Amino acid sequence: MKKLVKYTLGHVSILGLMFVASGCSDWLVPKPLSFFTPENTFNTYEGLKTSTDMLNRDVRYFDYYPTGGSADPCIISEYFFSEMGVNARTDAANAPVDLVRQITPSASLTGNATQINNYWTYLYKGIKDANTLYDRAQDVEMTEKQKGEIEALAVFHRAFRYYRLVHQYGDVPFIVHEVTGPRYDFYTTKREAILRYLKENLDRTAPYLSNDVYIGMVSQAAAYHLLTKINLALGEFDDAVESATR
């Protein structure tokens, strides 16, 4: 027993000396091989193009994937507030059935009650990402075609999200540039003004997109389809016919 204790204490002493001796070294200091920051990623065409995959993913995610704290994907709430569906659950006290009583400014608008808050959060997240890509593309050395493609992808994703927002909430804060610091001056912009801005941007950038893309990626046809919907929302039916036949 004494030998065991002596043997153990000896090893503990050796380990202690090792830690003391290495305390002055920098072996615990992280030495990353690279940093995944906007400055290191959004400085080439390839980096910007790869980052648009995140925007493609989010389009599918915020509509059709279950969200945290809820088994219901967001698209279900869209159906409940339209003629497409009615919430018939009887096993959830917070299911949005009595809309007048339950859907109020002070209500909990996340989870199974409704995805109203989640839509606001997810759509503005995508707008933030699209604005960042668009602004960073201005300082990257690319061909005119490459720059046009990146701008067109950012414009499409921003327009898609604002199109959803103005039809869900009406007048909303309108942000078209990367926010690089704290801001408290957000005010709503008229729905029609937002739609007209989106129309002009899509009309200018859609020609830079291609229809020869993989499934799930933004195509030129998708951009013109969105432009057509914006023209219809503005009541500009001749323009809708023209954009729908491009």
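Modeller: Let's start with a term: a crossing of two helices is left-handed if the near helix is turned anticlockwise from the far one by less than a right angle, and right-handed if it is turned clockwise. By that rule, α7 and α9 make a left-handed crossing.

Colleague: Before we go on, what kind of model is this?

Modeller: This is a predicted model, in which local features need pLDDT of at least 70 and side-chain atom pairs count only at pLDDT 80 or more, while totals for chains, interfaces and linings use all residues. Residues are numbered from 1 along each chain as its sequence is written, and side-chain values use heavy atoms, with hydrogens and water left out.

Colleague: How many helices and strands does the protein chain have?

Modeller: The protein chain has ten helices and two strands, where helices (H or I, at least four residues) and strands (E, at least two) are DSSP runs numbered from the N terminus. Along the sequence, the pattern reads α-α-α-α-α-α-α-β-β-α-α-α.

Colleague: Why are α7 and α9 called roughly parallel?

Modeller: Axes are lines fitted to C-alpha atoms, for helices over the stretch in contact, and angles run from 0 to 180 degrees between N-to-C directions. Angles under 35 degrees count as roughly parallel, over 145 as roughly antiparallel, 65 to 115 as roughly perpendicular and the rest as oblique. The angle between α7 and α9 is about 30°, with their axes 11 Å apart. Therefore α7 and α9 are roughly parallel to each other.

Colleague: Which residues of α7 and α9 meet?

Modeller: F156, A159, F160, Y163 and H167 of α7 meet A222, A223, L226, K229, I230 and A233 of α9; contact means heavy atoms within 4.5 Å. By class, this contact of α7 with α9 has nine nonpolar, one polar and one charged residues. The classes work like this: Ala, Val, Leu, Ile, Met, Phe, Trp, Tyr, Cys and Pro count as nonpolar, Asp, Glu, Lys and Arg as charged, and the others, Gly among them, as polar.

Colleague: And what makes α7 roughly antiparallel to α8?

Modeller: Here the packing angle is about 155°, and the axes of α7 and α8 are 10 Å apart. So α7 counts as roughly antiparallel to α8. The crossing of α7 with α8 is left-handed. Among the residues in this contact are V155, F156 and A159 of α7 and I194, L195 and L198 of α8. By class, the contact of α7 with α8 has twelve nonpolar, three polar and four charged residues.

Colleague: Why do α9 and α10 count as roughly antiparallel?

Modeller: The axes of α9 and α10 cross at roughly 170° and come within 8 Å. Therefore α9 and α10 are roughly antiparallel to each other. Their contact includes Y224 and L227 of α9 and F237 and A240 of α10.

Colleague: How do you know that the span of α9 agrees with what it should be?

Modeller: The expected span of a helix is 1.5 Å times one less than its number of residues. For the 14 residues of α9 (residues 220–233) that gives 20 Å, and the end C-alpha atoms are 20 Å apart, so the two agree. After α9 comes G235, whose phi is positive, near 75°.

Colleague: What makes α6 largely enclosed by the rest of the structure?

Modeller: Buried means under 20% relative accessible area, exposed over 50%, and partly exposed in between (1.4 Å probe, protein chains only). In α6, 16 of the 22 residues are buried, so this helix is largely enclosed. Across the 246 residues of the protein chain, 38% count as buried.

Colleague: Why is D58 called buried?

Modeller: D58 has 8% relative accessibility, so D58 counts as buried. D58 is in helix α3 (residues 45–64). Not counting residues up to four places away in sequence, D58 touches K125, D129 and R161.

Colleague: Why does P207 count as partly exposed?

Modeller: Its relative accessibility is 47%, so P207 counts as partly exposed. P207 lies in the loop between α8 and α9. Leaving aside neighbours within four places in sequence, P207 is in contact with Q220 and Y224.

Colleague: Which residues of α9 are buried, and what covers them?

Modeller: The buried residues of α9 are A223, Y224, L226, L227, T228, I230 and N231. Their cover includes α7 (144–168), α8 (191–205) and α10 (237–244).
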